[in-house]
Amino acid sequence: MRTEPDLVLIILKIRQGERLSPEEGLFLLERGDLLTLGWLADEVRKLKHPGGIVTFVIDRNINYTNICLCGCRFCAFYRSPGDPEGYLLSPEEIFRKIEETLAAGGTQILMQGGLHPELDLEYFEELFAAIKARYPICLHSLSPVEIDYLARRSGLTVAEVITRLRAAGLDSIPGGGAEILVDRVRREISPHKTKAGRWLEVTATAHRLGLKTTATMMFGSRETLAERIAHLDAVRRLQDDTGGFTAFIPWPYQPGNTALGGEPASAWDYLRTLAVSRLYLDNVPNLQVSWVTQGAKIAQVALAFGANDFGSTMLEENVVRAAGVCNTSSAPEIAALIKNAGFRPAQRDNLYKILKYY
């Protein structure tokens, strides 16, 4: 006979620093009171990040192309090969965007695009080397899905591809393309995308080769709450093995202009999921808010639900914007938002090392 978790015992476990089981995580996600979840997640944040410091990075998302073979049903950004709205930025256009980022005090470029049929490993090696030869900028670029595509396209192993990209200048890898790390969900929302096991394999390989990555979770599409916990559990188990995740970034699916459709997750759902993420992922140091999808006010509230990082300034963002959601902010605005929420803002780099206090 199955025994239902007890909320009081769960609270005691959290306050004693003990790890939650999947059943306990699901219980909190299904039935936990919102304010209790926030209180517990905030307690954990204070233990992991004493001093009330909330970090952010000044960077730019450069989507070098929107042409993609994957055809994700949840994505409003991609265009199929041959579509008149498809584009591929020239190196000169990318260089200009980097110069604008540096002029704004930026330290990082996040380059992600689609699975372009004409871009091979050599293209990225030459591009990354050219960027590094010109600019003092960190390349936090190419999701595990893009790296998997380059490995399959080139006939090389994932380790060989990552090693070559790193030699060309790749500094760290964003955890995009994780969506929900359950293949049932991936078959429904993105049937041609890298399977869950392969995403984890690429990420583990990067960690073992010395590259840090983030982990993301796009929730609120077609997954169950149990599948959200399965996603968190996959991230936690890999982190136990490699220790290579710097941060976890949950963000809600944006259905506008997508083939999948549906309704956006509520702020209530976002805050609950954020808090449970903080409680479940006891081995991931940083938890990031998603002001791009939630707006500035909910992002401030999220700092009381376990988050300790405000993400990036995103001098440019195109993927969420394509779904009809447009929130923008500058470094001074983010610093002010953090201060007004009662925390001390600090600029960080891709490895979460603090560069400057505000």
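1. A residue is called buried when its relative accessible area is under 20%, and exposed when that value is over 50%. In this predicted model, threonine 273 has a relative accessible area of 2%, and therefore counts as buried. Threonine 273 belongs to helix α11, which covers residues 267-280, and, leaving aside residues up to four places away in sequence, its contacts are Leu29, Met217, Phe219 and Arg228.

2. Leucine 12 is part of helix α1, residues 7-15, and together with Val8 and Leu9 it makes up a nonpolar surface patch of about 290 Å².

3. Which residues are buried in helix α14? Within this helix, which spans residues 331-340, they are Ala331, Ile334, Ala335, Leu337 and Ile338. Because they cover an arc of only 160 degrees around the axis, they sit on the same side of α14. The spacing can be understood from a general rule: an α-helix has 3.6 residues a turn, so residues three or four places apart point the same way.

4. The two faces of α14 can then be described in turn. The buried residues are covered by elements that include β1 (53-57), α12 (291-302), β8 (309-312) and β9 (344-348), whereas the face turned away from this buried side carries Pro332 and Asn340, which are exposed. After α14 comes glycine 342, which has a positive phi, near 100 degrees.

How values were computed: Residues numbered from 1 in each chain as written. Predicted model: local features only at pLDDT ≥ 70, side-chain atom pairs only at ≥ 80, totals over all residues. Heavy atoms only, no water. Helix = DSSP H or I, 4+ residues; strand = E, 2+ residues; numbered from the N terminus. Buried < 20%, exposed > 50% of the residue type's maximum accessible area, 1.4 Å probe, protein only. Contact = heavy atoms within 4.5 Å. Patch = residues over 30% accessible without salt bridge, like charges linked within 9 Å, V, L, I, M, F, W, Y side chains within 5 Å. Areas by Shrake-Rupley, 256 points an atom, 1.4 Å probe, with all protein chains shown as cover. Salt bridge = Lys/Arg side-chain N within 4 Å of Asp/Glu carboxyl O. Arc of directions from axis to C-beta.
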